[in-house]
Amino acid sequence: MKRWWKALSALLLLGAAFWALETRHGMVPPLGKFLDPFTGFWRNNAAGDALPRTLRIPGLRDGVTVAWDDRHVPHIFAGNELDLYRAQGYLTARDRLWQMEFLSRYTGGRLAEILGPGAVAMDRLQRRLGMTWGAENFLQGIRDDARLRRILAAYCGGVNAYVDSLQPSGYPLEYKILDYAPGRWTPFDVALILKYMSWYLSGEGRDLELTQTRQSLGEVETDRLFPLQAPFQDPVIPPGTSWDFPPAETPISRGRGAPGAAPRTGSGTRGRPFAARIGSNNWAVSGSKTKSGFPILCGDPHLQLTLPAIWYEAQLAAPGMNVAGVSLPGTPGVVIGFNDRSAWSMTNAGSDVLDFYMMKFKDGARREYAWGEGWRPTSRRREKIEVRGGEPVAESVLYTHLGPVPFVERRPDMPEWIPAGAAMRWTGHDPSGILRALVLLNRARGLDDFHAAMGSFDCPPQNVAFASRDGHVAIRHNGRFPLRSRGQGRFLLDGCDPAAEWRGWVPMDQVPAAEDPERGFVSSANQAPVDASYPYYLGWDYAGFERGRRINELLGAAAAITPEDMARLQVDALNLRARTVLPRLLELLPREALSPEERKRAEELGGWDFVYRAGSTEPTVFHRFFVELYDATWEDELEMKRLFSWPGADRTVDLILKEPGASYFDDVTTPTRESLADIVRRAFSRSLEHLRSRFGPFGPRWRWGTAHPVSIRHLARIPGLGSPPQAVSGGSELINAASGSFGPSWRMVVELGPVIRAWGVLPGGASGNPGSRFYDDGIRDWREGRVRELVFLETAGQSHPRLVGRTVIGGGR
């Protein structure tokens, strides 16, 4: 009997072991599958970098040839555009399948299907923001565009051909870690990726916080702290530009916001005077300022940095098109790049294309809402969130003709910036021409083609810089901008008043634009697009002055510019805010009252050249000094509920220099009245105390790159698949805007001579496979400010010393 018991126990233990190895435990994948030597993670190694000599993609009409360069960038040559996009879809999926599918799931609110109950709140928010509704509207908008539908079908067909070729052993590593299989790629997924970028660049807002502040301070003081024209700005379109068009009629304001009190939800989003924000730089210099006499265009979009890299680099060539640059994985074409005649790059426009309307419902059932003199019916959109390891979650989202009401009542899991009971009107929910614009832009031969493409470029709004081989440079602050009265939409709007509804659009031929300006260059850095002379109101909450003024300062003084000069300018690390305000702050420090260490640090700041070098300590001290001063200026106002939104750092600098006696420098939580000098002294002491507590005594740990490294984490935050911290000479308000987990996601320089030459670098690599040497091979060059010359081929058979292989792709099964 004892012998049988031992045998039974052994069988039970063996069964338990098999069960443990084949069962998912929370976020831990089934270890048997994951560790399997034939199908597990071992297969995701550098062997995947081997280049196939031949491939088959069902649906191709003609053959496709791919030349691969030494950075694993594909140069795709096809006999027709549909074969080209089919091949692009296949090759993008080959390198980035998991990334593109994960982003589609995130945007569409489908992460809980693979991650379980912990992702339900994230999915719920995406559904309530109307992301799937917006994607459906996008597809509805191209229903009659046969060419775009064919392009999408071809691209998706290529992705799915790759998916069909996979066995579980060949799944990208993240599928094995998270234990799920790739799905089919559809035009709806493409639309979701486009909505993801649109929301990322034009969503959210401060309408609620600013409305609460106005209720507390009144309109005059609110406008003083949050001016429509921010100080120190050097706008995108050169000041003094004449607007030679008769402007469309704009609405006459009937009040600037919703009646009654806005719900008070807290103290507003924490103010960050060095916020790592979505941004970008671009500029185009005419041949009159370059050594070669040819235009040079540069661009570096600033986004959240991840591995795999945000962008996928490729060259796409077919009859009538030869374009290279970076694409958004999961979508066809090139977003930022160049062809054999022109080049373009984009920065976020920052103009306001999202408003909230406070609704009045007839009763608790919310089947009708007040509109004008009557009532209009609401509708409900049913959303079902599938949950891995749990029951499905049903969501019912209320819709008005203005858009969704994300939350009818305040809930613990909703973001504070969303007002409860408000309808959200966002241009990103509308049918969009963005894909059509990119298809046209990829083929642009000159200025006329550029403007034609921009006529469809609606959301997200962007500053698009352009240069062409025939010598032109241009920039457009482009998007679908609502016609508004001045200041309309920066506060919550009255959802009962038809006069508050958007009445039309700024005509596309009247958006801010400049061509071949007298100064010899165009540029943008997310700053205000225009001065007060422009006849339309576009928004107010733009980036600070620092990057835009610094770029214009350097370009204005430059002559005989070379591509190497432009690559150096992209990593310029001088902090214009420090140069503007620090001398005054040091004047206010009473040297006789400082401790020896404080005096030493102040002396070092006094001799500093304002450059944020990774190995310097002065940037760390100034950075913390300004943070403490900013907090000391505004935090008490928020604590006492006088403010609900943090004024900008530029407005703070403006007060320091021009209104040193302003009441905001007094700490209203104390019985005494503090002066600017008082809080400067206090902020400096606190800044050094903070640095000592965090980094220890003054020393190497205070160096900027050590104290504030740049993080490039894995997209899903999977440990071990990101990059080690990077010590970078840069910062959030600098041209080299690398800070926290944000920074230049692609640097590009293009010289438009008879032979196009271009340089670029990704903070990552071409491959999405963590086992590949091309996963993160660009990070060192990116960190050090180096760019590599890009391979740009004229024909499929052209020889080049940096080509490492070719793949011939045929059709068939």
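Two strands pair if DSSP finds at least two bridges between them. In this predicted model, that definition applies to strand 19, which comprises residues 473–478.

**Pairing of strand 19**
- Strand 18 (residues 462–468) and strand 19 run antiparallel and are joined by six bridges.
- Within this pair, Ala465 has Ile475 of strand 19 as its bridge partner.
- Strand 18 and strand 19 form a hairpin with four residues between the strands, where Gly471 adopts a positive phi near 105°.
- Strand 19 also pairs with strand 21 (residues 513–515) in the antiparallel sense, over three bridges.
- Here Ile475 has Ala514 of strand 21 as its bridge partner.

**Side chains and burial in strand 19**
- In a regular strand, the side chains alternate between the two faces of the sheet.
- Val473, Ile475 and His477 point one way from strand 19, whereas Ala474, Arg476 and Asn478 point the other way.
- Strand 19 is mostly covered, with six of its six residues buried.

- Arg802 is located in the loop between strand 27 (788–789) and strand 28 (803–810).
- Arg802 counts as buried because its relative accessible area is 17%, and the cut-off for buried is under 20%.
- The side chain of Arg802 reaches the backbone oxygen of Glu789 at 2.5 Å.
- Apart from neighbours within four places in sequence, the residues in contact with Arg802 are Trp68, Asp69, Asp70, Arg71, Arg788, Glu789, Leu790 and Val791.

Definitions and conventions: Residues numbered from 1 in each chain as written. Predicted model: local features only at pLDDT ≥ 70, side-chain atom pairs only at ≥ 80, totals over all residues. Heavy atoms only, no water. Helix = DSSP H or I, 4+ residues; strand = E, 2+ residues; numbered from the N terminus. Buried < 20%, exposed > 50% of the residue type's maximum accessible area, 1.4 Å probe, protein only. Polar contact = N/O pair within 3.5 Å; in protein donor to acceptor, adjacent residues only side chain to side chain. Contact = heavy atoms within 4.5 Å.
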